[in-house]
Amino acid sequence: MPTPAVNTIDAVRHQVREARRRGLSIGLVPTMGALHEGHASLFRLARAETGFVVATIFINPTQFGPNEDFSKYPRTLEADLEICGRDGVDLVFHPDPSTIYPPDFRTYVEVTQLQDFLCGASRPGHFRGVATVVLKLFNIVQPDVAYFGQKDAQQVRIIQQLAADLDVPVKIRVGAIVREPDGLALSSRNRYLDPSQRRQALALIETLREAQRRIEAGERDGRSIQRTMQARIETTPDAVLDYAAVVDANSLQPLERLHGEVLLALAVKFGGTRLIDNLLVTV
Ligand code: AMP
């Protein structure tokens, strides 16, 4: 059975109020739709931990740059509602852009420092759009727990910082990256890859695992790891490197000497398709 969907703020608030009256805790899973197993794993986590699971399906225009894929981002609402039904979502909030951003909308949220490098460097304004819409969704749904994927590692850090800095009473939970059997991280954008690009896209996870192996074998020079990651992507014929990063998992700043929680992160373009992936390594 597909999950029921509502598109007004009043309707979501009404249903959440009813759930709370029944003594249920509220889980929120924000998505942009085109759902796959990565999203479904977050739904199941929310189902296991909270009493009433709200998924949002909203392609947020403010997080797309002028030359990005907002207008051609996949829209598959009917299939999405089936997946939500199958994986335990109680309610889908699927607002129109004008519901979230009425014509007189004026207020944006920025998480300084964390937003300007890695994905933020090549996507100016992206994390301002993300932070703004996520804070709005927190205020609309008022969840006890909100679920995000480690796939978007920088997004996770920014949202944790946002919730802490602005005293949002929500617990942030992070779900592991769900991958294809061959290791490619699931993404709504993978469908844009042609067969040759799809094969070459394995360079991301292979590069990350190679870096992880070197660290586990004792390498502690962050710049050396970064250089080999970059070289590996640059020798992949159709890959265009956006960034290869070896950073502190908390500050997201480059590490010269590896210690603590290290985030290995990549962003790579194949034609017009930009893919990201990452691994966390504890040193
Ligand atoms: P999106 O619809 O791409 O905005 O993603 C919605 C949520 O699903 C975000 O918190 C993502 O990090 C998460 N997500 C996307 N792909 C994956 C994946 N392969 N594994 C785990 N979580 C994912």
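Author: Ring pairs join Phe58, Tyr101, Phe105 and Tyr108 into a cluster, where rings of Phe, Tyr and Trp (its six-membered ring) pair if their centres lie within 6.5 Å, with planes under 30 degrees apart counted as stacked, over 60 as edge-to-face and the rest as tilted. The model is predicted, so that local features need pLDDT of at least 70 and side-chain atom pairs pLDDT 80 or more, while totals for chains, interfaces and linings use all residues. Residues are numbered from 1 along each chain as its sequence is written, and side-chain values use heavy atoms, without hydrogens or water.

At Tyr108, a member of the cluster, Arg128 lies over the face of the ring, 4.0 Å from the ring centre; a charge sits over a ring if NZ of Lys or CZ of Arg is within 6 Å of the centre and within 35 degrees of the ring normal.

The structure holds six aromatic pairs. Among them is the edge-to-face pair of Phe64 and Phe70, 5.4 Å centre to centre with 65° between the planes. Phe64 is buried, at a relative accessible area of 9%, whereas Phe70 is partly exposed, at 26% (buried is under 20%, exposed over 50%, partly exposed in between, with a 1.4 Å probe and protein chains only). Phe64 also forms an edge-to-face pair with Tyr73, at 5.9 Å centre to centre and 75° between the planes, and Tyr73, like Phe64, is buried. Over the ring of Phe70, 5.2 Å from its centre, sits the charged end of Arg75.

Turning to the ligand, 17 residues surround it, the closest being Met32, Gly149, Asp152, Val178 and Leu186, where a residue counts if one of its heavy atoms lies within 4 Å. This shell divides into nine nonpolar, six polar and two charged residues, with Gly counted as polar. β2 (26–31), α2 (37–49) and β5 (145–149) each supply at least two residues of the shell, and α2 gives the largest share, three residues; helices (H or I, at least four residues) and strands (E, at least two) are DSSP runs numbered from the N terminus.

A backbone N or O atom of Met32 lies 2.9 Å from an oxygen atom of the ligand, a polar backbone atom of Val178 is 2.9 Å from a ligand nitrogen atom, and a backbone N or O atom of Leu186 lies 2.9 Å from a nitrogen atom of the ligand. Of the 480 Å² of accessible area that the ligand has on its own, the protein covers 92%.

Terms used: A polar contact is a pair of N or O atoms within 3.5 Å; within protein, one must be able to donate a hydrogen and the other to accept it, and residues adjacent in sequence count only if both atoms are side-chain atoms. Accessible areas come from the Shrake-Rupley method with a 1.4 Å probe; for residues, only the protein chains shown count as cover.
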